[in-house]
Amino acid sequence: MAADELAFFGKIAAGVTHELKNVLAIIRESNGLMADLIALAKDSPFPQRERFLRSVDRIEDQVRRGVDITSRFNRFSHSMDHASANIDLNEIVAQTVALTCRFARLKEIELLGTPSEGPVTLTTSPFRLQMALTKAIEACIESMPGKGTIRVDVPGNPAGPELTIHCETREGSVLDLKEVVTASRPWLELEQLVPDLGIGIGWRQPGAGITLSFSTDEVNEPEQ
Amino acid sequence: MHARYKTPPGPTYLSSPARNERMEMGLPVLIVDDEAEFAETLAERLRLRGFTPHVANSGEEALSLVARGVANIMLLDLKMPGMDGLEVLRRIQKGAFRMQVIILTGHGSEIDEVYARSMGAIEYLRKPADLGAILAAFKKAEKELNKNMPVLTKE
């Protein structure tokens, strides 16, 4: 997709998420008002009070969930605004983990991210970096033999701009999936993104996970 | 990322009519939002908590209410048809009104936040904000207003 097409898509998607926030705000206030009114009538008989309040709580929980999803999607949409930007790798990992955890959950895999102590900054295309990380995570999800955990860690300094991905069994044993991962479709797609993003891919000793390290130089814009 | 996630504060429901969170009885506040259902519902919840809320559904209507002096605290949306929130803020600043402005928006970017704060907004909330956050912002606004009140001393 060309940069102007991406920016257009991002603009429309961002506008939709903004409108959804207004919808969620009305639902939250209306639900809050119902809770207020029932609290005011606490001494009056109301046969289904507990069921009513449970529903009020459930609506509030779902509003919170909706806010989290729309906020993350909104940030994702805005990541298309600029072809290159200064980013904190921790933010990109947090964002990508949150947006892709559903894919993992469908295979009963837990997806976790661990940030570094301080920010790890680099200049790159935030959109394409999220796409690359998503491909790497997808490759791991497809390759996992069963239930387990995928960890995306940002070690931080002195390692610099890099992250590691580990696939673990439910019991915590690290899996060596190099052969399966590198043969998967998402991985082959990731390899196509690598030159433009200045990503180096490394495999640590068997079973110690994948390392993606990022060039701190400006990214090369792909030819349109 | 699990290490980063923080549990947001729980909802602020009215637990009893004599809720101790009530602020000065009848404190007037002006809600400016083109989403009429949102503004009216929020106004109703504030009324239950002892506020005197006024509602404006456009920037122009807000300025007319400000000129009438209905309130010194304003909860202001940014993106509205016609005059937007930032323009309302600019005019309030230009008019030197005694007004504390809290932004409440579903649209604002980080640049908007920096700009709004530089124009004098004391708080910047994102929709849908929990009522507790709005009440805390009102408290802050009230404190600022009291700070700027001329102090009368006995001679």
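Colleague: At what angle do helix α3 and helix α4 of chain A pack, and how far apart are their axes?

Modeller: Helices (H or I, at least four residues) and strands (E, at least two) are DSSP runs, numbered from the N terminus, while axes are lines fitted to C-alpha atoms, for helices over the stretch in contact, with angles running from 0 to 180 degrees between N-to-C directions. In this predicted model, where local features need pLDDT of at least 70, side-chain atom pairs count only at pLDDT 80 or more, and totals for chains, interfaces and linings use all residues, helix α3 (residues 89-106) and helix α4 (residues 126-143) of chain A pack at about 40°, their axes lying 10 Å apart. That makes α3(A) oblique to α4(A), since angles under 35 degrees count as roughly parallel, over 145 as roughly antiparallel, 65 to 115 as roughly perpendicular, and the rest as oblique. Residues are numbered from 1 along each chain as its sequence is written, and chains are lettered from A and ligands numbered from 1 in the order in which they are written.

Colleague: Which residues of α3(A) and α4(A) meet?

Modeller: Two residues are in contact if their C-beta atoms, placed from the backbone, lie within 7 Å. On the α3(A) side the residues include I92(A), T96(A) and F103(A), and on the α4(A) side they include L129(A), L133(A) and I137(A). The residues of this contact divide into nine nonpolar, five polar and one charged, where Ala, Val, Leu, Ile, Met, Phe, Trp, Tyr, Cys and Pro count as nonpolar, Asp, Glu, Lys and Arg as charged, and the others, Gly among them, as polar.

Colleague: How many helices and strands does chain A have, and what share of its residues is buried?

Modeller: Chain A has six helices and seven strands, in the order α-α-β-α-β-β-α-β-β-α-α-β-β along the sequence. A residue is buried if 20 or more other C-beta atoms lie within 10 Å of its own, exposed if 12 or fewer, and partly exposed in between; by that count, 34% of the 224 residues in chain A are buried. For chain B, which has five helices and five strands, the buried share is 39% of 155 residues.

Colleague: Which residues touch the most other members of the largest nonpolar core?

Modeller: A nonpolar core is a set of buried Ala, Val, Leu, Ile, Met, Phe, Trp, Tyr and Cys residues joined through C-beta atoms within 7 Å. The largest has 41 residues, of which V29(B), M74(B), L76(B) and I102(B) touch the most other members. Leaving aside neighbours within four places in sequence, M74(B) is in contact with L30(B), V32(B), M99(B), V101(B) and I102(B). A second, separate core of 37 residues includes A139(A), V181(A), I199(A) and F214(A).

Colleague: Where does the backbone have a cis peptide bond, or a positive phi at a residue that is not a glycine?

Modeller: Most residues other than glycine have a negative phi, and most peptide bonds are trans. Here the bond from K127(B) to P128(B) is cis, with omega near -10°, and P128(B) lies in the loop between β5 (123-126) and α5 (131-147) of chain B. E108(A), in the loop between α3 and β2 (109-114) of chain A, has a positive phi of about 55°, and A96(B), in the loop between α3 (85-94) and β4 (100-105) of chain B, has one of about 50°.

Colleague: Is E108(A) buried or exposed, and is A96(B) buried or exposed?

Modeller: E108(A) is exposed, because 11 other C-beta atoms lie within 10 Å, and A96(B) counts as exposed with 7 C-beta neighbours inside 10 Å.
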